[in-house]
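Hello,

Here is the structure I said I would pass on. My notes follow it.

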Amino acid sequence: LLRAQLQVRESLRAQVRKSQAEIQVSLEMAGSASSDEQRAARHRMWKLLSRQLIGGLGAPREAQLSALWSRYDADHNGCLSKGELGMMMADYAAARADELEAEELPSLQRMMEEHDDNPFVRSLAEARLLSKRAELELYRAQSHGALPAAAVEAAFKQLDTRHDGRVFRDDFLAHATDVFFGIQMERLQAMKDLESADVAAAQQGGAAGELEEPKGR
């Protein structure tokens, strides 16, 4: 299981490196693109940031978040409205849904098939697959506008650090990572903890084997 997770992560890292130049081009073209092309460019930006995080290349950088801000501050008044934030959340949901459907779910399915003879790995993959499918349904609904007003309000309050009903660019740059990627970061940390525990258990098992070896001589 650990080997499969590392292979997925390395694949994501390669995709991120390949995509970064393409995303930069899309940003430069977005200003003159149609609304559909602009939406597609925003989705690619969200996917890149998510892959970057999952691939172990770090949280979104300030320049990346600044590029996102410029795509959503539609009236260029320096503040993010709740409507603009709602559009941002819907775009993020659409990008995550595409990512789950095209990459994460197939990867878990392959893991189940490759470890069909290992009940532990298979059951773990099945549990994650069910969780990811539920996550996909939620993101799909949100991407089509099924965003509860309370969810938008909660995100807005997290970004409104001055508590004056406005979200400025600096607020967004400082807190967007926690608002949009907080759950993913928590899951990644939990996965790292699990991997560390697996490595430690393997090392202890090897040490125990070495200690027992002389008894057989």
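**Notes on the model**

Confidence in the protein is lowest in helix H1 (residues 2-30), with a mean pLDDT of 49, and highest in strand E2 (residues 167-168), at 94. The pLDDT is the predictor's confidence in each residue, from 0 to 100. Helices (H or I, at least four residues) and strands (E, at least two) are DSSP runs, numbered from the N terminus. Over residues 19-33 the pLDDT is below 50. Where pLDDT is low, the predicted coordinates should not be read in detail. The average for the protein is 77, and 69% of the residues score at least 70.

This is a predicted model, in which local features need pLDDT of at least 70 and side-chain atom pairs count only at pLDDT 80 or more, while totals for chains, interfaces and linings use all residues. Residues are numbered from 1 along each chain as its sequence is written, and side-chain values use heavy atoms, with hydrogens and water left out.

Helix H4 (residues 82-114) packs against helix H5 (residues 119-143) at an angle of about 160°, and their axes are 8 Å apart. Axes are lines fitted to C-alpha atoms, for helices over the stretch in contact, and angles run from 0 to 180 degrees between N-to-C directions. H4 and H5 are therefore roughly antiparallel (angles over 145 degrees; under 35 is roughly parallel, 65 to 115 roughly perpendicular, the rest oblique).

Alanine 90 lies in helix H4. Alanine 90 is buried, at a relative accessible area of 13% (buried is under 20%, exposed over 50%, partly exposed in between, with a 1.4 Å probe and protein chains only).

Regards

Note on methods:
Contact means heavy atoms within 4.5 Å.
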